[in-house]
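Welcome, and thanks for taking a look at this one with us. Please have the sequence and the model open side by side as you read.

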Amino acid sequence: MIHFNKFTLANGLRVIVHEDHTTPMAVVNVMYDVGARDEDPNKTGFAHLFEHLMFGGSINIPEYDEPLQMAGGENNAYTTSDLTNYYIQLPAENIETAFWLESDRMLSLAFSEKSLDVQRKVVCEEFKEHYINKPYGDVWHKMRDLAYAVHPYKWMTIGKELSHIEDAKLQDVKDFFFKYYRPANAILVVGGHVTTAQVKALAEKWFGDIPSGERIQRNILAEPPQTAAHKLEVKSNVPLDALYKCYHMPARTGKGYYATDLISDILGGGASSRLNQVLVKEKKLFSNIDCYHFGTLDAGLLTIEGKLVKGVKMKDAEKAVQEEIDKVQQTVIPERELQKVKNRVESMLAFEDMGLLNRANNLAFYELIGDASLMNNEFTHYDAVTTTEMHEEAQHLFDEKNSNTIYYYAG
Amino acid sequence: MINRKIAPEIKDATAFDIKLRPYEKVTLDNGIPVYIIKSEEQDTLQLELVFTGGSWYETENLVASATNFLMKNGTSKRTAHEINESTDYFGAYLNRNSHHEYATYTLHCLTKHFGDLIPVLQDVILDPAFPEEELSIFRQNMKQRLAVNLQKCDFVANRHIDKYLFGEFHPYGRVSSMDAYDALQVETMKAFYKQHYTYNNCKIFVAGNLPANMIHLLNEHFGKEKWNGEASLIRPEISIMPAEEKKFRIFNDENGVQGAVRIARPFPNRYHPDFSKMLVLNTILGGYFGSRLMSNIREEKGYTYGIHSQLYNFRQSSAINIQTEAGRDVCEATIEEVYKELRTLQQEIVPEEELHLVRNFMIGSILGDLDGAFEVIQRWKNLILNGLDENYFYNNINTIKTITAEELQELAQEYFTPEDFYELVVI
């Protein structure tokens with residue numbers, strides 16, 4: 001049970017306080033309700049590039065990192081398709097430094113041409129490091145494009161192509177900031193060795209006078225149901241053939257999400273999971289195989305990906321994967337196996353909750369999807385899933401028409 | 001109205017009184033020491049068994065790590081799948097690791113399941129069978145993984161730079177290869193296991209919320225017998241054979257859009273008085289986001305997504321290693337800038353403001369790293385396995401708080417001469 005208090009400032013900023021007096025540290029987490037799904041299709045990668053610019057100085061503070069380091073703090077940030085999150089960890093005595101820094105960059109950035117110039121280059125190198133200069137690094141670009149017809153999950157957070165990042169203008173940066181980076185679109189979580197009264201006073205003092213802005217109204221096109229299987233063959237300079245299969249799955253808060261998550265664990269969670277046991281250990285068709293998804297807020301993709309043992313034919317490997325999928329569709333999962341994946345979830349949640357930073361991150365995330373208190377009900381949702389429900393869910397999830405397959409050949 | 005241009009008051013690093021929480025120690029009936037850090041806050045625990053049996057002790061490449069890996073893949077009573085099933089069923093994680101000096105098995109689980117898991121752990125540690133079938137799957141899959149990794153410039157660069165620093169036959173410079181995987185034999189692994197995974201070569205570290213009968217359970221499963229007999233291990237002398245050449249350029253992928261840059265030199269080990277001072281100098285150079293290298297090469301020039309310098313924590317000898325992946329056409333410019341930063345630290349004194357910031361950053365970071373029982377036991381483990389005590393930890397903190405800019409300059413003059421560094425680019 002994670003305890004917290006919640007209040008909202010007059011400008012709409014939602015504030016959550018999680019007191020934990022067993023630590024000398026404090027965490028300040030600011031989550032903005034904007035991600036790559038909010039981008040213009042011709043200016044992709046912008047939400048993430050923008051995240052870099054948030055460290056380029058704000059209206060009253062020329063350097064973001066230096067004062068924080070001086071206060072013994074560390075920070076980082078990440079952008080996903082759905083959201084952007086900034087977090088600081090520092091000794092609790094110095095917490096006001098974090099309020100000062102975070103509130104000033106919410107008030108206004110410095111919008112420096114130099115910072116934009118450098119960060120465009122840095123992000124291009126990040127793009128190259130992770131998606132161009134790595135074997136199989138381009139597969140998610142191709143898969144998203146194959147699986148989505150209209151939804152902005154069609155492109156990756158890093159961006160569709162380097163040119164979109166290279167072409168970013170300072171005016172785009174300003175527009176983006178004043179549209180999305182407003183108190184009304186943000187959630188502040190403060191955790192650790194702090195009191196609610198102290199956080200209330202500091203939040204009023206530093207964030208209280210920032211203009212509210214407007215809460216974002218999204219009009220993202222829902223992805224229509226897929227009506228035919230999509231397939232793509234790729235040949236690339238990699239040492240091993242690989243198979244990728246993706247199936248459209250429910251949104252994070254949609255019906256069937258928890259059952260689908262448990263299905264992915266049955267197939268690919270842990271060394272004893274079905275795909276690993278049957279395809280790697282018994283049939284020796286794959287040298288590794290995984291099943292996972294990203295838990296996206298809009299309808300996402302359940303993914304199976306594996307590298308084939310050298311000499312194994314793609315069609316034999318795919319047939320064997322299909323047999324495992326057929327089993328999940330045709331046969332009800334044994335109770336003990338369901339209990340196993342539930343136990344795994346229970347344990348995973350417990351270990352996740354150990355870190356103060358994780359708890360703060362999660363409180364912000366659950367508040368973003370509706371209410372921070374959902375965090376404490378998470379296991380109840382998993383525990384309520386029945387084998388019947390999983391069986392039903394598997395029927396449309398693994399419908400052949402719902403599938404997207406990439407055959408990635410070594411060449 | 002608040003004045004946003006003025007930073008709030010802060011408490012200074014030197015004012016923080018960092019304490020390393022003491023451990024409890026219990027000895028099992030057969031003499032195995034158990035080091036304990038308790039915490040009641042969560043329902044989780046961590047148990048780690050540590051054996052002197054890393055790659056330093058192997059006589060054939062990869063035997064230490066393969067032995068460590070395959071112990072979990074079948075015992076005389078349980079198949080690999082049964083072991084995986086029983087740990088997965090209770091939501092536990094049973095991880096194994098093999099480094100230069102030590103090989104470890106670590107169990108993470110919910111406290112309530114510990115009693116169900118310890119028989120499985122006992123079986124894995126005391127009765128592994130090393131099935132041929134499992135070795136052949138392991139060999140094939142590791143070779144496939146190696147083939148993929150060999151296409152990555154950073155992976156290739158890491159292998160080469162350690163080879164230059166320590167020599168290709170030294171445990172610190174020796175790397176995996178297809179041939180070495182092919183040469184692995186069950187009999188060699190069984191022998192390595194018998195020799196190193198013995199009761200008198202084992203230390204146990206536990207942390208978290210422990211069941212009341214923890215020690216009883218440990219005694220029942222690991223404390224009764226002199227399992228695997230008495231090992232009398234002698235740490236072999238192995239000499240370092242560094243490369244004579246200093247500059248290397250490797251083309252691994254003709255279409256590569258980035259190069260992996262490594263700039264490294266040997267450095268004395270942690271027992272040398274310069275080691276703790278170098279922790280500070282290394283932080284200034286490339287050990288945090290505001291470092292000289294990051295500020296210049298990422299934040300000023302945009303040549304890379306990240307550049308870091310690292311101080312190895314190896315027992316016999318350490319090294320300073322500067323590493324980055326930079327755009328293909330700016331690799332040489334990156335190297336020039338690195339040397340420029342090294343020379344600046346030799347020629348100019350570190351400004352007081354910067355040193356102050358680094359002290360505060362490092363102390364804040366240690367404070368954060370000591371947050372939680374798992375983290376505290378980790379610190380103790382590193383001290384105990386290296387034959388050190390809390391004084392070493394407090395001395396390091398003292399160095400951070402008191403080292404002067406003059407001392408740092410002297411250190412740079414001794415260790416930051418560009419000509420002393422190995423230099424490598426892998427594209």
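## About the model

This is a predicted model, in which local features need pLDDT of at least 70 and side-chain atom pairs count only at pLDDT 80 or more, while totals for chains, interfaces and linings use all residues. Residues are numbered from 1 along each chain as its sequence is written, and chains are lettered from A and ligands numbered from 1 in the order in which they are written.

## Chain A as a whole

Let us begin with the overall picture. Chain A holds 15 helices and 11 strands; helices (H or I, at least four residues) and strands (E, at least two) are DSSP runs, numbered from the N terminus. Its C-alpha trace spans about 65 × 45 × 35 Å along the principal axes.

In chain A, 51% of the 411 residues count as buried. A residue is buried if 20 or more other C-beta atoms lie within 10 Å of its own, exposed if 12 or fewer, and partly exposed in between, with C-beta atoms placed from the backbone. Among contacts in chain A with a separation of 6 or more, 80% join residues 24 or more positions apart; a contact here means that the C-beta atoms of two residues, placed from the backbone, lie within 7 Å.

Ala, Val, Leu, Ile, Met, Phe, Trp, Tyr, Cys and Pro count as nonpolar, Asp, Glu, Lys and Arg as charged, and the others, Gly among them, as polar.

## Two domains in chain B

Chain B is assigned domain 1 (24-223) and domain 2 (247-426). The C-alpha centres of these domains of chain B lie 30 Å apart. Here 22 residues of domain 1 of chain B are in contact with 27 residues of domain 2 of chain B.

Elements of chain B that each supply at least two residues to the domain 1 side are β2 (33-38), β3 (44-52), α5 (153-166) and β6 (202-208). The largest share, eight residues, comes from α5(B). That side of domain 1 of chain B has 13 nonpolar, six polar and three charged residues.

## A helix covered by both chains

Helix α10 of chain A (residues 274-282) has L275(A), N276(A), L279(A), V280(A) and K281(A) buried. Seen down the axis of α10(A), these buried residues fall within an arc of 165°, so they line one face of the helix; the arc is that of the directions from the helix axis to the C-beta atoms.

What covers the buried residues of α10(A)? The cover includes α9 (257-268), β9 (286-292), β10 (300-308) and α11 (314-330) of chain A, together with α2 (80-89) and α4 (132-149) of chain B. Just after α10(A), K284(A) takes a positive phi of about 55°.

## Where the chains meet

Across the two chains, 59 residues of chain A are in contact with 58 residues of chain B. Elements of chain A that each supply at least two residues to this side include α3 (95-107), α4 (113-132), α10 and α12 (335-352). The chain A side divides into 22 nonpolar, 17 polar and 20 charged residues.

Y23(B) lies in the segment before β1 (24-27) of chain B. Is Y23(B) buried or exposed? Y23(B) is buried, with 21 other C-beta atoms within 10 Å. Not counting residues up to four places away in sequence, Y23(B) touches Y35(B), I36(B), I37(B) and W380(B).

Terms used
Domain bounds come from an automatic or database domain assignment.
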